[in-house]
There are 2 protein chains.
Amino acid sequence: MKIDLLITNCAILPVPGSEPLIDPGFVAVDAARILRTGPMAECPAFDAGTVLDGQGQLAMPGLVNGHCHAPMTLFRGLADDLDLFTWLHGHIFPAEARQVTAEMVYWCAKLAAAEMLLSGTTTVADGYFLEDEVALACAETGLRCVAAQAVLDFPAPGAEDPEKNIEVAARFLERWQGRDPLVIPAVFAHSAYTCANATLRRAKELTRTFQAPFFIHAAETREEAGQIAEPRAATPIGHLQALGLLDRDTVCVHCVWADDRDLDCLAAHGAAVVTCPQSNAKLASGRAPLAAMLSRGLRLALGTDSAASNNSLDLFREMDFAAKLHKVNPCDPTAVPARSLLETATWRGAEALGLETGHGTLTPGAPADLILIDLRQPQLQPFHSPQLLVYGGAGGCVRTVIVNGKLVVRNRKLSTIDLGETCAQVRRLAGR
Amino acid sequence: MKIDLLITNCAILPVPGSEPLIDPGFVAVDAARILRTGPMAECPAFDAGTVLDGQGQLAMPGLVNGHCHAPMTLFRGLADDLDLFTWLHGHIFPAEARQVTAEMVYWCAKLAAAEMLLSGTTTVADGYFLEDEVALACAETGLRCVAAQAVLDFPAPGAEDPEKNIEVAARFLERWQGRDPLVIPAVFAHSAYTCANATLRRAKELTRTFQAPFFIHAAETREEAGQIAEPRAATPIGHLQALGLLDRDTVCVHCVWADDRDLDCLAAHGAAVVTCPQSNAKLASGRAPLAAMLSRGLRLALGTDSAASNNSLDLFREMDFAAKLHKVNPCDPTAVPARSLLETATWRGAEALGLETGHGTLTPGAPADLILIDLRQPQLQPFHSPQLLVYGGAGGCVRTVIVNGKLVVRNRKLSTIDLGETCAQVRRLAGR
């Protein structure tokens with residue numbers, strides 16, 4: 001049987017969170033989909049276009065980053081150890097006003113895409129201005145992208161007249177729907193404190209028309225509830241509900257200051273949440289109620305947020321941080337087990353973003369988005385359990401990355417773009 | 001002028017925590033010491049035995065890991081997501097009773113040494129049973145080691161008769177003092193809950209005789225105060241003080257449950273502290289009062305603890321976790337700045353361990369323990385400030401490691417040992 005790609009002799013974690021491993025096993029890929037996985041002893045005599053020897057490696061689904069502002073790699077390390085308000089208004093917004101251009105968005109998103117692929121992420125949900133350039137950069141680099149055009153009520157790059165922000169978003173959706181298998185267009189209403197109620201409603205209406213995902217930052221800081229101009233409820237989540245914005249196509253990012261009633265409300269409407277523990281910690285915004293979200297079965301993804309507030313886009317690091325943070329506070333070593341992070345960073349995260357069933361697993365028919373991890377690294381020796389991927393793994397252990405059936409990273413080298421040129425372009429832009 | 005080693009064209013961070021960088025610069029090494037650093041424009045015409053082109057790289061002091069039990073790599077990922085008591089008594093102690101032999105200690109310490117060197121650590125303070133094997137393994141791998149023989153009041157590998165534990169430690173100090181430039185022998189009294197007061201006093205007396213460092217786990221868990229058989233004070237730190245154990249050669253590991261009076265007491269005696277935030281978080285032991293320790297100017301090092309409770313020995317990861325954890329709880333984004341972690345993981349940590357002045361810097365006369373970090377990695381682009389080493393750096397960014405003037409890692413390959421053989425030996429031991 002002719003197939004596109006066969007990986008042999010590797011350990012396989014087909015569905016993160018479920019054990020045991022298949023070891024040694026094979027992964028057969030055809031027409032950009034997982035065809036089959038199984039033990040080597042049962043491997044059919046495939047006629048494969050490409051064969052990779054997976055000896056000493058672990059095949060698992062690529063990671064799903066639920067929240068990023070890819071172009072903000074330009075501002076990585078520009079301002080650290082500040083609170084969200086000072087950081088945003090004193091540093092990031094002024095830098096954006098000076099520096100955000102289509103060229104900047106394109107090159108800096110490309111750097112982010114490279115960093116994510118090289119650390120094992122195969123899908124990202126991104127939101128920024130001039131998001132066409134992010135979509136282009138991700139598609140060229142080979143990273144799958146839910147690309148969300150930002151909407152907010154002040155002049156922004158690409159939408160200088162805020163009156164036209166919904167129109168700009170509509171044109172974006174039109175341009176990208178069905179255009180590239182790697183790009184799913186969406187809308188990112190920045191927040192309830194930067195968008196009037198009417199804007200939020202119109203943005204949500206637009207995504208309903210296009211059946212596109214709707215993202216919004218919500219309940220990130222304790223102060224946010226007081227920053228909403230015309231609040232319809234006591235909490236930001238309550239406000240979104242009152243405006244009719246919560247449904248299964250809405251993704252609320254952060255939800256640090258979501259109380260039990262807010263979580264019940266999100267669960268009742270089937271709205272999804274993205275938690276970004278490192279960004280929330282570094283900006284001292286707070287700690288999201290992750291254990292409570294998991295116990296409610298909320299639709300949940302894990303995100304890095306931007307390189308300006310993290311400052312890494314490595315989801316392995318994010319999993320590790322999340323697992324440990326939620327054990328030490330409150331003190332409970334059984335809280336948020338490593339297994340639940342592996343799930344959240346793969347198939348649960350994909351589900352939360354509204355991606356097709358199977359995405360984030362290596363089950364037959366799933367999109368062929370997978371990574372090979374070098375188990376011979378000293379930090380992964382001995383390998384008693386996949387939980388070690390959380391507590392000992394790192395982006396640097398990823399050797400090979402396949403997205404949509406295509407070999408994008410091989411032996412830690414990107415095959416799609418010239419990384420040196422991308423870095424040089426970003427350094428040039430940063431030097432301005 | 002003839003010298004051993006010259007690194008050219010690199011950025012240089014001679015004293016972490018102090019800016020600015022020298023860029024581009026040179027580092028001259030001779031007779032296992034830093035001879036000089038400076039801008040390339042001022043580089044003398046050295047006749048160097050080895051010349052390394054440091055283009056695109058950052059030279060900085062190697063990291064100092066203040067606390068490890070190197071051989072416990074064997075138990076990495078064996079038991080996760082448990083509290084300290086269950087983890088220790090239900091899993092680790094039984095596994096140690098079955099598996100700790102001289103052979104196990106040697107190979108598993110070698111794996112740890114390899115992991116630490118490959119992630120930029122050039123000095124470790126270790127404590128375990130049969131510590132001779134740790135010292136041997138580190139020296140062979142090229143890692144500088146403060147090797148502390150464990151003392152505790154129950155039968156242990158190499159000290160089956162607890163009556164003889166002090167004698168065993170004395171022989172260890174005799175064997176290793178002055179023997180190898182990479183090994184500084186010491187004693188590790190396990191804790192006040194596993195050592196009788198008389199044992200603690202005798203162990204400390206022994207180290208006074210030998211002018212050797214004295215380590216002890218102290219105030220790790222909230223329960224510890226109640227587990228001391230004959231307490232002399234209300235807190236573990238108070239207990240150690242009452243027994244006369246606190247002085248400048250005593251290093252207290254953890255101090256999670258140290259109150260203000262305990263911190264004042266440690267400061268007054270000049271005793272040092274090692275904080276291990278990831279291990280304390282993963283075991284849900286708690287969060288040490290790091291900001292209060294820093295504001296008191298306590299002698300302080302950063303440690304990974306063992307691979308069984310972390311599960312990584314990468315100090316870059318530890319710095320990042322520490323900086324973020326102490327910002328989110330309590331919410332203060334200015335708490336524990338990245339800069340203070342860079343200091344603690346280098347020269348402050350070296351000072352806390354009683355190493356010579358200059359250790360952990362690249363100042364003239366300092367031991368030539370240094371690393372080169374690849375700044376061309378996407379995760380370190382753009383490089384606005386050395387703080388990015390904390391928030392974006394990772395062990396995998398380290399390309400070259402020099403310890404005591406010797407090239408130990410070059411282009412991510414260990415030149416001292418056969419890593420494949422070490423991993424195979426550890427896998428064999430883990431499979432038993």
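**Reading a two-chain model**

Modeller: In this predicted model, helix H11 of chain A lies across strands S6, S7 and S13 of chain A, and its direction is at about 120 degrees to that of S13(A).

Biologist: In what order do the eight strands of the open sheet in chain A follow one another?

Modeller: The order is S6-S7-S8-S9-S10-S11-S12-S13, and the pairing is parallel. Strand S6 (63-68) and strand S13 (299-302) of chain A each have a single partner strand, so these two edge strands are left with one side that has no neighbour in the sheet. On average, and ignoring direction, neighbouring strands are turned by 25 degrees against each other. H2(A) also packs on this sheet, where it touches S6 and strand S7 (121-128) of chain A, and its direction makes about 150 degrees with that of S7(A).

Biologist: How many bridges join strand S11 to strand S12 in chain A?

Modeller: Three bridges join these parallel strands, S11 (residues 250-254) and S12 (residues 272-275) of chain A; A:Cys252, for one, has A:Val273 in S12(A) as its bridge partner.

Biologist: How many residues does the contact take from each chain?

Modeller: The contact takes 55 residues from chain A and 55 residues from chain B. Among the elements that give two or more residues to chain A's side are helix H2 (102-118) and helix H11 (315-328) of chain A.

Technical notes:
Residues numbered from 1 in each chain as written. Chains lettered and ligands numbered in written order. Predicted model: local features only at pLDDT ≥ 70, side-chain atom pairs only at ≥ 80, totals over all residues. Contact = placed C-beta atoms within 7 Å. Helix = DSSP H or I, 4+ residues; strand = E, 2+ residues; numbered from the N terminus. Pairing = 2+ DSSP bridges. Axes fitted to C-alpha atoms, helices over the stretch in contact; angles between N-to-C directions.
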